[in-house]
Amino acid sequence: QVQLVESGGGLVQPGGSLRLSCAASGSMLSINVMGWYRQASGMQRELVAFITSDGSTVYADSVKGRFTISRDNAKNTVYLQMNSLKPEDTAVYYCNADITTVSRRYTYWGQGTQVTFSS
């Protein structure tokens, strides 16, 4: 069974940095696109960034120049380096991955990790 496990969220001050990680585990043939989404309280989930298997990236306009997505294919892990954080970045951050197994190709989601600003 495929699982995505996120880590790295927490409290941060404006202008601070955090690095999120998301590791995929289980029986997989390949991991295609990996990405990060976020959902603020009362808002819809939105795309933050995604990265293809060959390293091409796409970012939401709101995070361009501040966030960097990367992946380590050997570790089946995707990262999100978040710099110059703003209060509006407060949200639950979810990773997802388009994964092919022996039985199907499916988009899996992590459980989410909270990023919260401290005053």
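Is Asp 98 buried or exposed? Asp 98 counts as buried, at 15% relative accessibility. Buried means under 20% relative accessible area, exposed over 50%, and partly exposed in between, using a 1.4 Å probe and protein chains only.

A word on the basis. This is a predicted model, where local features need pLDDT of at least 70 and side-chain atom pairs count only at pLDDT 80 or more, while totals for chains, interfaces and linings use all residues. Residues are numbered from 1 along each chain as its sequence is written, and side-chain values use heavy atoms, without hydrogens and water.

Back to Asp 98. Its side chain meets that of Arg 105 in a salt bridge, 2.6 Å from N to O. By salt bridge I mean a side-chain nitrogen of Lys or Arg within 4 Å of a carboxyl oxygen of Asp or Glu. Arg 105 counts as exposed, at 55%.

The count comes to five salt bridges. One of them joins Arg 38 and Glu 46, with the closest N and O atoms 2.7 Å apart. Arg 38 is buried, at 5%. Glu 46 is partly exposed, at 37%. Lys 64 pairs with Asp 61 at 3.1 Å, closest N to O. Asp 61 is exposed, at 66%.

Now the core. The largest nonpolar core has 29 residues. Such a core is a set of buried Ala, Val, Leu, Ile, Met, Phe, Trp, Tyr and Cys residues joined through side-chain atoms within 4.5 Å. Trp 36, Leu 80, Met 82 and Tyr 93 touch the most other members.
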